[in-house]
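Dear colleague,

Please open it first, and then read the notes below beside it.

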Amino acid sequence: MTDVDYCVIGAGFAGLTAALRLRQTGRSVVVLEARDRLGGRTFTEMRPDGSWIDRGGAWIGPGQDRIQALMNEFGVPSYKQYTDGEAMMVVDGKQHRYTGTIPWTMSPWAAMNLGAVLLELGHLCKSVPLEAPWAAKKADKWDQVSLAHWLDGNLLSKPAHELLETAIAGCYTSAASEVSMLFVLYQMASGGGPGFVLGVKDGAQDARPVGGMGAIYRPMAAEIGESIRLSQPVRRIEQDPDGVTVRTDQVSVRARRAIVAVPLAVASQIRYEPMLPVDRSFLHQRMPSGSIIKISLVYDEPFWRHDGLSGQSVSPGSPATITIDSCTDTGRPGVLCVIIEGPIARQVGQLDATERKQAILGELGDRFGEKARSPIDYIEQNWSAERYSGGGMLSHAPTGVLTQFGHALREPCGRIHWAGTESSAVMCGWIDGAIRSGERAASEVLEHETATVG
Ligand SMILES: Cc1cc2nc3c(=O)[nH]c(=O)nc-3n(C[C@H](O)[C@H](O)[C@H](O)COP(=O)(O)OP(=O)(O)OC[C@H]3O[C@@H](n4cnc5c(N)ncnc54)[C@H](O)[C@@H]3O)c2cc1C
């Protein structure tokens with residue numbers, strides 16, 4: 001039995017941040033991580049040529065001050081996402097090249113419809129209180145309808161509908177019918193509105209850390225030190241009046257309090273003794289994650305740039321739904337990332353690996369030309385098949401959940417405190433939100449110490 005001040009469960013950005021901040025105040029901490037690696041839903045793979053691939057979360061944007069603070073702390077610079085050239089949208093097999101957020105090459109009616117709906121979304125987001133979205137004036141109304149229902153009522157143009165549904169539902173990696181409109185408004189508002197969520201330049205994909213996310217989480221882990229135990233899935237957390245006992249198959253940790261920093265979608269894999277309060281327990285049952293496959297294709301050089309293309313493309317319904325330039329700061333080698341989300345990701349995930357690769361390369365060849373068919377490397381990460389993520393990118397709330405159970409997102413349950421991006425009122429769903437949640441959970445447990453001493 002290891003005896004420490006605090007036990008943190010999960011070594012993603014939320015858990016690592018909580019542990020780092022507690023260590024920096026001189027507390028003893030053990031971090032128990034189920035996987036044999038750090039980073040959780042971020043996963044940076046170093047390549048022999050010194051370049052890197054982010055298999056999970058990769059981008060940062062304005063307003064994400066807490067990840068920026070960590071980057072400053074560990075001396076990690078950032079570089080801008082490549083956005084020169086034209087983006088591409090494919091509708092009914094026809095390619096539309098455009099610049100900016102809205103493909104004005106669609107019919108004027110479709111573009112106007114899209115623009116008006118984006119404005120309306122921005123307006124609605126402003127009426128959602130971030131700390132308590134369930135208290136919004138129209139919370140009950142919005143929580144009764146799905147995103148699909150709302151889009152059907154507001155987007156009458158077919159191409160505009162397809163584009164926005166792909167973009168917004170893509171954020172939740174689920175069908176639009178699965179996600180509550182209140183959750184959409186809340187999550188978008190937590191990032192500053194639809195412009196941030198859907199935009200690349202000045203939006204959520206504005207920049208990347210040099211060296212990938214691993215350039216941040218590795219030095220964090222080094223400072224936390226040997227108290228991080230990998231390959232230790234937590235099976236059980238027992239609470240008693242004096243503390244908690246956290247058990248894996250091999251180790252037991254005795255601590256004053258525990259910080260659980262695992263995705264909501266897998267939080268119920270842990271057995272809690274005594275059982276959690278009903279609302280928290282039910283929240284674990286009601287906030288699933290969606291499906292996402294991220295594929296990185298490596299070429300000698302980013303040939304699409306020479307053709308006047310940014311590498312961004314969207315083709316609703318295609319196996320290579322979204323593409324984006326994912327080169328490192330040096331621009332060599334060329335890395336093009338394919339992101340497949342929601343129901344299509346589940347379908348594509350069922351193909352055998354060779355069929356899937358052929359389907360993806362065929363699509364890219366049609367979109368970017370012959371060179372796209374012959375990458376020198378092809379790296380796939382299917383987050384839906386990850387036991388300790390339960391899907392990706394984030395757990396979302398279906399209809400009725402936020403208004404009924406949202407209050408339980410951050411409320412500690414006795415000596416158990418909750419971190420993880422889903423518990424952050426600001427930048428919920430992003431790495432920055434995970435960091436904020438870790439900082440909040442660390443402060444919570446320290447406040448309890450002060451209260452006890454007082
Ligand atoms: C493909 C993809 C692309 C994304 N793109 C971006 C992006 O560009 N920018 C951005 O900001 N965000 C992005 N995200 C979201 C971002 O990665 C997450 O918001 C963030 O990493 C979540 O951090 P976390 O610490 O809350 O959870 P996690 O990273 O999921 O960490 C939780 C940890 O808990 C561990 N764990 C689970 N169960 C147990 C258990 N029983 N015992 C012990 N440990 C356990 C897990 O193994 C994991 O390491 C993306 C996500 C995905 C999947």
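Which residues line the second largest cavity? Before the reply, a word on where the values come from: the model is predicted, so that local features need pLDDT of at least 70 and side-chain atom pairs count only at pLDDT 80 or more, while totals for chains, interfaces and linings use all residues. Residues are numbered from 1 along each chain as its sequence is written, and side-chain values use heavy atoms, with hydrogens and water left out.

The second largest cavity is lined by W52, I53, D54, A58, W59, R208, K294, S296, S326, V335 and C337. Two or more of these lining residues come from each of the elements β5 (52-54), β16 (292-299) and β19 (334-341), and β5 gives the most, with three residues. Here helices (H or I, at least four residues) and strands (E, at least two) are DSSP runs, numbered from the N terminus. A cavity is a set of points, on a 1 Å grid over the protein atoms alone, where a 1.4 Å probe fits but cannot get out, whereas a pocket is an open set with protein on both sides within 12 Å along at least five of seven lines; lining residues have an atom within 4 Å of a point. The volume of the second largest cavity is about 50 Å³, where a volume is the space filled by probe spheres set on the grid points, which are joined across faces, edges and corners. By class, its lining has six nonpolar, two polar and three charged residues, with Ala, Val, Leu, Ile, Met, Phe, Trp, Tyr, Cys and Pro counted as nonpolar, Asp, Glu, Lys and Arg as charged, and the others, Gly among them, as polar.

The structure holds two cavities of 30 Å³ or more, and the largest cavity has a volume of about 70 Å³. Its lining consists of V262, L264, A267, R280, L409, W418, A419, G420, E422 and S423, which by class are six nonpolar, two polar and two charged residues.

Lastly, some details of the backbone. The peptide bond from E273 to P274 is cis, with omega near -5°, and P274 is found in the loop between β15 (271-273) and α10 (278-286). The bond from G392 to M393 is also cis, with omega near -5°. T173, a residue other than glycine, has a positive phi, near 50°, and its place is in the loop between α6 and α7 (181-190).

With best wishes
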